[in-house]
Amino acid sequence: MRYWFLLFLLVAWATPFAGFVQMASEQFTINQWVGGAPPTEPPSVPTGLEAVPMAFSQIDLSWNASSHVAPVVGYQVFRDLLQIATTSQTSFSDAGLLASTTYTYSVRAFDGFGNISSSSIAVSTTTFPEPPTPQPETEDPTPSGAKKSSMLPTASLLEFSIEPGSQSARFSFTTSVPTVYTIRYGIGDVLTEGQVQAERYATDHVTVLTDLEPRTTYFYEVYATDRFNREVLLRRDSFTTTHRFTIETPLNVSNLRANAVGSDVLLSWKNPEYSGFSHVRLVRNHIFFPNDPWDGFVVYEGMNNNFYDSGALGQYSRQYYTVFTYNLDGVHSSGAITFVDKDEVREPVIPSPITPTETKPPSIKDKETEVVTEFYDLRINDVEFIQRDRVFAIDVDTVVLFTESSFLVRVPVDKVPSHAKTLIFSIYDPDGYDPVASYLLDEDDDGSYYVANVGGLVREGDHPFSVSLFDSKKELLHVVEGVIEGKDSDEYDEVVSDGFGLTVAYMLVFISLGIVAIVLSRKLWFWLFGYKRRKQKD
């Protein structure tokens, strides 16, 4: 009896942990946002416009962001009452100007519904005079080997770092005065491998050398030219690329937006913030979303976070875009996607997760006109999420994730039919107002999963999501839907501790059962042994 009492105490002590876990488990419902009529009032007027001359041919502008009931898409920049640029940022560098010339600037904000604000207060400034002819430079006998001009002060190097990968190298450096830089590099003493040159004056410089060979030593020289046209050698050295070791899918860009501006398209996004990030490649295709970095027309490649695609809607009324990120090992991400219509009336290419889905697909004809019927094995519980090195499974239709950490979403390859050519993961904002964020799912190196690396949730709350399957004809084949419940750090720790408590509870129960089994087996053995001895005496 005392052994059963011991088991009762252990199970009773473990029960609160299991109960706590059950109480923490909840069911969540999908909330559908109904936007109603689009706003008709314009964004607020941009304020705080400043114009600062950087050189004899460049003026930098900056201003405060406008506010609006709907997201502000971008800004129109005017010079002397003529529009010169459209940008999604709150700054702009106007280059190619005349020396000793006064220019007047103003800015207007606009949203995605065609509403445009009034012009900001105009500001004026004057470019610097034309620089004199540089005087001859002499070699500095210091170990750095930098050239030193007789006209002082010249540009100097304040900070400098190189982060090499297997196929790329990122240069980051700061100069004492605004400069444009030139980097020459090559294998050996002759620097003929390539050259990178900046077009705008700045003090903080970041650039990436691409298409390098792994485990190779490259020599380089970094030159800087100030606004007086004085060139100085900042650094001469070498670096060695690494052996390729990264096989994980790089993190995608976030907040990808595309808006039609007449026949042009203004795109903006947020680059991932991690040390291995190299650059992005923006690919356009008028047929469907580019599935890889070569599936379409490459309209931009670099480190910026916006691009103005002039004339993109001139021939085709709809354009599809995919932004691929690259790490320093030359590995590209699965791709963040968006599309834009010239008339700004979008068809539901990416289905809403609220729409009911078919569990059995229609018949599909192949090239030989044979009817092939294939049942889809993919269910919502097959979609997995990995965050902070932990796999999070879906409970009914909901998974709980931390709001401030990136996560990997994956779908087993064997759950996807062979004729599905495009897999899209779409996630929606909790308040339903921001546009959908969508990502391609790309097959991993092992060929086991289709994966996408996403840069985290927008905020706390219910984030409806869907995984959509399309065939080569852009026909929607199948959709599975669920909800990601975004939790803050404290709630996330509770979920983790709950899981730990459940594990401890089960361990205690199994240990208790093991102890009881051992005790009972010993009692049974003694009983059998005693019974046998009694039989022998009889």
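Predicted model: local features only at pLDDT ≥ 70, side-chain atom pairs only at ≥ 80, totals over all residues.
Residues are numbered from 1 along each chain as its sequence is written, and side-chain values use heavy atoms, with hydrogens and water left out.

**Figure 1. The protein chain has 2 helices and 34 strands.** Helices (H or I, at least four residues) and strands (E, at least two) are DSSP runs, numbered from the N terminus. The protein chain holds 538 residues, and 45% of them are buried. Buried means under 20% relative accessible area, exposed means over 50%, and partly exposed lies in between (1.4 Å probe, protein chains only). Among contacts with a separation of 6 or more, 66% join residues 24 or more positions apart. A contact means heavy atoms within 4.5 Å.

**Figure 2. The second largest pocket has a lining of 34 residues.** Its space comes to about 1300 Å³. Ser-93, Arg-200, Tyr-300, Met-303 and Asn-304 lie nearest the centre of the pocket. Strand 13 (202–209) is among the strands that each supply at least two lining residues. Strand 13 gives the most, with 6 residues. Others supplying at least two include strand 2 (58–62), strand 5 (91–95) and strand 19 (297–302). By class, the lining has 15 nonpolar, 15 polar and 4 charged residues. Ala, Val, Leu, Ile, Met, Phe, Trp, Tyr, Cys and Pro count as nonpolar, Asp, Glu, Lys and Arg as charged, and the others, Gly among them, as polar. A pocket is an open set of points on a 1 Å grid over the protein atoms alone, where a 1.4 Å probe fits, with protein on both sides within 12 Å along at least five of seven lines; lining residues have an atom within 4 Å of a point. Grid points are joined across faces, edges and corners, and the volume is the space filled by probe spheres set on the points.

**Figure 3. An open sheet of 5 strands runs in the order 26-25-28-32-31.** The pairing is antiparallel. Strand 26 (390–392) and strand 31 (442–443) stand at the edges with a single partner strand each, so one side of each has no neighbour in the sheet. Two strands pair if DSSP finds at least two bridges between them. Strand 28 (residues 407–412) and strand 32 (residues 449–454) are joined by 6 bridges.

**Figure 4. Strand 18 (residues 277–285) is mostly covered.** Of its 9 residues, 9 are buried. Strand 18 pairs with strand 21 (residues 318–327) in the antiparallel sense over 8 bridges. There, Arg-284 stands opposite Tyr-321. Strand 18 also pairs with strand 19, again antiparallel, over 5 bridges. Val-280 has Gly-302 of strand 19 as its bridge partner.

**Figure 5. A hairpin joins strand 1 to strand 2 through 2 residues.** Strand 1 (residues 50–55) and strand 2 run antiparallel, with 5 bridges between them. Ala-51 stands opposite Leu-61.

Figure 6. Leu-81 is found between strand 3 (72–79) and strand 4. Its phi is near 70°, a positive value in a residue other than glycine. Leu-81 counts as exposed, at 78% relative accessibility. Lys-474 lies in the loop between strand 33 (461–470) and strand 34 (476–487). Phi of Lys-474 is also positive, near 70°. At 36% relative accessibility, Lys-474 is partly exposed.

**Figure 7. Ser-168 occupies the loop between strand 10 (157–164) and strand 11 (169–186).** Ser-168 is buried, at 2% relative accessibility. Not counting residues up to four places away in sequence, Ser-168 touches residues including Glu-163, Val-208, Ser-278 and Asn-327.
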